[in-house]
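The stops below can be selected one after another.

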Amino acid sequence: MTASRTPSMVVRSALLAALILGLLAPAAKGQPVRTATRQPTPTELRDQMLALINRARATRGLASLSLNGRLSGEALGHSRAMAREQRLFHTPGLVVLIGSAGGSVYGENLGKGRGLRGIRDAWLRHGDTRGILLDGRFRHAGLGVVHAAGFYWVTLQAFD
């Protein structure tokens, strides 16, 4: 023999089902589903930094720097080394690297900070790094950026 359902039992069953669905599917209630935040790749970070650098150059009437792929790979490796060692230091043998890319005049800026814009702005505030960033002779760059332990590590190798 089957028991008949009373209206209050139907209501209770519907409320229980709604509660279970609400707990299991928050998006069904209009709540955002939380997902893991994807970290930008070194290539995306490099492109963001290059855009900041070229914006600063453009506002002063200077040509944009174009990336040199091989030197950018070297700069990325150098930024990784600085992050690993937790200190800033210049690229060993940079004159040979620049010469192998056809450059003769060059400068290197290094940075560590919580944001890319902050690093670029710090370079603009200091004479030596500002001179490299805004040197009109420079047309090419190796650029490497990594994000590690909450900091951005940047190597810019600008050359003619």
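What follows is a tour of a predicted model, from the whole chain down to single residues.

**The whole chain**

Start with everything shown. The protein chain has 6 helices and 4 strands. Read from the N terminus, the elements come in the order α-α-β-α-α-β-α-α-β-β. Of the 160 residues in the chain, 36% are buried. Among contacts with a separation of 6 or more, 66% are between residues 24 or more positions apart. The chain exposes about 9,600 Å², and carbon and sulfur atoms supply 58% of that area.

**The sheet**

Select the strands next. The 4 strands form an open sheet in the order β1-β3-β4-β2, with mixed pairing. Its edge strands are β1 (66–67) and β2, each of which pairs on one side only.

Zoom in on β1. This strand runs parallel to β3, and 2 bridges join them. Here Leu67 stands opposite Ala141 in β3.

Strand β2 runs antiparallel to β4, to which 8 bridges join it. Gly107 stands opposite Ala158 in β4.

**Helix α5**

Select residues 116–125, helix α5, and show side chains. Leu116, Ile119, Arg120, Trp123 and Leu124 are buried. Seen down the axis of α5, these buried residues fall within an arc of 140°, so they line one face of the helix.

**Ser79**

Go to helix α3 (residues 69–85) and pick Ser79. Is Ser79 buried or exposed? Its relative accessible area is 0%, so Ser79 counts as buried. The side chain of Ser79 reaches the backbone oxygen of Gly144 at 2.8 Å. Leaving out residues up to four places away in sequence, Ser79 touches Gly144, Val145, Val146, Trp153, Val154 and Thr155.

The last two stops are in loops. For background, most residues other than glycine have a negative phi.

Select Gln86, in the loop between α3 and α4 (94–100). Gln86 is not a glycine, yet has a positive phi of about 60°. With a relative accessibility of 46%, Gln86 is partly exposed.

Then select Ala149, in the loop between β3 and β4. Ala149 is also not a glycine, and has a positive phi of about 50°. At a relative accessible area of 72%, Ala149 is exposed.

Technical notes:
Residues are numbered from 1 along each chain as its sequence is written. This is a predicted model: local features need pLDDT of at least 70, side-chain atom pairs count only at pLDDT 80 or more; totals for chains, interfaces and linings use all residues. Side-chain values use heavy atoms; hydrogens and water are left out. Buried means under 20% relative accessible area, exposed over 50%, partly exposed in between (1.4 Å probe, protein chains only). The arc is that of the directions from the helix axis to the C-beta atoms. A polar contact is a pair of N or O atoms within 3.5 Å; within protein, one must be able to donate a hydrogen and the other to accept it, and residues adjacent in sequence count only if both atoms are side-chain atoms. Contact means heavy atoms within 4.5 Å. Accessible areas come from the Shrake-Rupley method with a 1.4 Å probe; for residues, only the protein chains shown count as cover. Two strands pair if DSSP finds at least two bridges between them.
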